[in-house]
Amino acid sequence: MSAPLTSPERKTTWLRTIQAVLWSFVGLRKNSDYQQDIEKLNPFHIIAVALVVALLFVLGLIALVNWVVVQPTGL
């Protein structure tokens with residue numbers, strides 16, 4: 001009989017997950033780092049962090065627009 005198939009241990013920090021998500025938002029990533037992320041990062045953590053970062057980005061844009069619209073023009 002063969003040994004049972006087990007998935008590799010995925011041990012990493014939340015900071016590494018946040019870093020990977022932020023690099024993916026920018027669109028700059030080395031292939032070697034990408035391969036390491038595939039091996040080590042938990043997909044559910046990536047989804048959770050990506051949703052939070054996207055929400056913060058949208059809220060930041062809304063706050064920026066509100067701040068610009070409220071500013072007196074002085075014309």
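1. Asp37 sits in helix 2, residues 31–40; helices here are DSSP runs of H or I, at least four residues, strands are runs of E, at least two, and both are numbered from the N terminus. Asp37 is buried, at 9% relative accessibility. The cut-offs are under 20% relative accessible area for buried, over 50% for exposed, and partly exposed in between, with a 1.4 Å probe and protein chains only. Beyond four places in sequence, Asp37 touches Arg16, Ala20 and Arg29; contact means heavy atoms within 4.5 Å.

2. This is a predicted model: local features need pLDDT of at least 70, side-chain atom pairs count only at pLDDT 80 or more, and totals for chains, interfaces and linings use all residues. Residues are numbered from 1 along each chain as its sequence is written, and side-chain values use heavy atoms, with hydrogens and water left out.

3. Arg16 is one of the partners of Asp37. Arg16 belongs to helix 1. Its relative accessibility is 24%, so Arg16 counts as partly exposed. Setting aside neighbours within four places in sequence, Arg16 contacts Arg29, Asp33, Gln36, Asp37 and Leu41. Arg16 and Ile46 are 30 residues apart along the chain, and their C-alpha atoms are separated by 10.0 Å.

4. Thr17 is also in helix 1. Is Thr17 buried or exposed? Thr17 is buried, because its relative accessible area is 1%. Outside the four places on either side in sequence, Thr17 touches Thr12, Leu41, His45, Ile46 and Val49.

5. Lys11 lies in the segment before helix 1. Lys11 counts as exposed, with 62% relative accessibility. Lys11 and Leu41 are 30 residues apart along the chain. Their C-alpha atoms are separated by 7.3 Å.

6. Now the packing of helix 1 and helix 3. Helix 1 spans residues 14–26 and helix 3 spans residues 43–70; their axes come within 9 Å and cross at roughly 60°. Helix 1 is therefore oblique to helix 3. The axes are lines fitted to C-alpha atoms over the stretch in contact, with angles from 0 to 180 degrees between N-to-C directions. Under 35 degrees counts as roughly parallel, over 145 as roughly antiparallel, 65 to 115 as roughly perpendicular, and the rest as oblique. The crossing of helix 1 past helix 3 is right-handed, that is, the near helix is turned clockwise from the far one by less than a right angle.

7. Which residues make this contact? Helix 1 supplies Trp14, Thr17, Ile18, Val21, Leu22 and Phe25. Helix 3 supplies His45, Ile46, Val49, Ala50, Val53 and Ala54. The contact holds 10 nonpolar residues, two polar and no charged. Nonpolar covers Ala, Val, Leu, Ile, Met, Phe, Trp, Tyr, Cys and Pro; charged covers Asp, Glu, Lys and Arg; the others, Gly among them, are polar.

8. For the whole chain, the count is three helices and zero strands. The pattern along the sequence is α-α-α. Of the 75 residues, 9% are buried. The chain exposes about 6600 Å², and carbon and sulfur atoms supply 70% of that; areas come from the Shrake-Rupley method with a 1.4 Å probe.

9. One last item on contact range. Take the contacts between residues at least 6 apart in sequence: 74% of them join residues at least 24 apart.
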